[in-house]
Amino acid sequence: MASNNTDTKDIKYLNKDFTDFRAALIEYAKAYFPTAYNDFSSASPGTMFIEMAAYVGDVMSFYLDNQLQETFLQYAKQNDNLYTMAYMLGYKPKVTSAATVNLDVYQILPASGSANNSVPDPNYALIINEGMQVSSPTADNVNFYIPEKVNFSVSSSVDPIDISVYSIDSNGDPLYYLLKKVVKAQSGTVKAVNYEFGAAQKFQTVTIEDSSIIEIVNVTDSDGNKWYEVPYLAQDKILDATQNIPSLNPDYYNDAGTVPYVVQLMKVPRRFTTRFKSNGILELEFGSGINTQADEPLLPNPAMVGPTTIDSLSKLNVAYDPTNFTTTNTYGLAPNNTTLTIEYIVGGGAVSNVPSNELTKVNSYTSAFYGGLVDSVKGNQVLQSLAVNNPSQAAGGGDGDTIEQLRLNTLNQYPAQMRAVTQQDYLAFAYNMPAKFGQVAKAFITKDDIVFKQDTGLDTATQDPLAASLYVLTYDSSKHLIQPSYILKQNLKTYISQYRMLTDAINIKDAYVINIGVSFDIILRPNYSSRDVLAQCLTVLKDYFNIDKWQINQPIIMSELYTALDQVTGVQTVQKVTITNNTGEASGYSKYDYDISAATLNGIIYPSLDPSIFEVKYLDTDIQGRVVTY
């Protein structure tokens, strides 16, 4: 770098582009080499070398600016950098989101006994293992699976069985009964891949070369050991849910009707973490433990503190971190001379938000009869009777994070720091809910209007200062806004409860959708094609009303519409822009009417007091324009 001595030549360090570099180099040559060269015409050899130097300086300046820009989350544009910063700040990007739905599962059961003593024979009750696959006979490549076991031999308040008579004999006595269970299903297809490992290596990684990966379901090695996914390798405990049955939980199984699973902390030396690459490929990273026995037992280790600490004798009154006693070094075991079988789920997306009564095909499952050995004829009849259906529409499927969503979700996640304190924290967790639980398309949170009566002896009511309402919406298969299903809200409630402050009360509610139509009149400039100009105007308004750009309780500012249309080439005057309310479920719109004129004040159309969002549902037909001459 040049020194600051007065004898040094005057060199400018603030030039950034080709023009500035060229001008500075010419002035430099004129000032310090006036007799050596003075031909600075555009065709001279000297100018050629000056411009080549300016060209190099311009390119280097560009890449320097670009590299600096890519280090800031707000300005980065390259996917690789955005993904790296997202994981660094605690956000896990989504490449796809799974739809969820309530699925009715049916089977018939032979009758046992006769006349008034006829009851369903429990020996033929099916116990269907986890992973049952179903699909739509009409929608291609849209598959759903049931992650939990379907047990027709057990009925409880949280997992009831609906029993009805399916058929009767000639005497009117029941011949077969029909059993129905309602289970949760999520979109996706289960796949599996095997990886062979030799000698253990620290922090070894493998990649799954597939697209639209939702989650890892199961990882087992050739010795039958299970490997567990953790958020980061330093986390050595997970929440393990075990079924509340006598053989597993003899002290608690009497409460299985209300508590079907018992959650326990389980230590997992065999663990891994995952991260998505910018191209959607999933990478698995394993621990660094290469010994035959993991450095996992939590035994006090005095070597971590005391005399072994730098300047320890002079810091005897300093409080040391007690977790140093339990620090381990392996970050989990590394796979060693084994083969890992990785089961994962692919699918999801907005296309998986299938309509009701669509999932009726059973693709695959494994099951057993509760009674073990049963009559083969009746057993085959029961197996052939297995059927499924979704009485409600699937919801929650999405196409993953766009670049801007990835940036904003990461910015929201970082201040939250894995806890929800402010209202914005709850919004961040709602948007960041794992893909396997569904997708919240739009969310809005505000102070709750619920009041409670304090025990003051006065007949007064006070607003709960710690209560808030979280209003949410999701997408259907056509990426139109709909109110979320009960399952999605339950998933969101469970997920947020991990981060909710003890004193906070969060009520999850449905937001309202107000469907609108847009019409406009324009006057053209001379010599412009009305068809071309109208097409450009429609494109501008479609982009303006793109649902990705709208949020709950966002008003419509009419001046923005006039400005957007006025900037279209060929438009001389925007004569009129009109917003109308489209309503009626028979026409495919929301059932909620809205008085647009009453909600308009000073050129701004405000949403209702109840949190709502404006949506142009059918962009190709709900936006119309015409050319007028006056």
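I looked up Asn-337 and found it in the loop between strand E16 (282-286) and strand E17 (338-346). Helices (H or I, at least four residues) and strands (E, at least two) are DSSP runs, numbered from the N terminus. The model is predicted: local features need pLDDT of at least 70, side-chain atom pairs count only at pLDDT 80 or more, and totals for chains, interfaces and linings use all residues. Residues are numbered from 1 along each chain as its sequence is written, and side-chain values use heavy atoms, with hydrogens and water left out.

I noted that phi of Asn-337 is near 50 degrees, a positive value in a residue other than glycine. Most residues other than glycine have a negative phi. Asn-337 is exposed, because its relative accessible area is 58% and exposed means over 50% (buried is under 20%, partly exposed in between; 1.4 Å probe, protein chains only).

Next I checked Asn-357, in the loop between E17 and strand E18 (361-364). Asn-357 is not a glycine either, yet has a positive phi of about 60 degrees.

I then turned to Tyr-55, which lies in helix H2 (residues 45-69). Tyr-55 counts as exposed because its relative accessibility is 53%. With Val-56, Val-59, Met-60, Phe-62 and Tyr-63, Tyr-55 forms a nonpolar surface patch of about 650 Å² accessible area together.

Last, I took down totals for the chain. Its secondary structure comes to nine helices and 33 strands. Of its 630 residues, 39% count as buried.

Methods
Patches are made of residues with over 30% relative accessible area and no salt bridge: like charges are joined within 9 Å, nonpolar side chains (Val, Leu, Ile, Met, Phe, Trp, Tyr) within 5 Å. Accessible areas come from the Shrake-Rupley method with a 1.4 Å probe; for residues, only the protein chains shown count as cover. A salt bridge is a side-chain nitrogen of Lys or Arg within 4 Å of a carboxyl oxygen of Asp or Glu.
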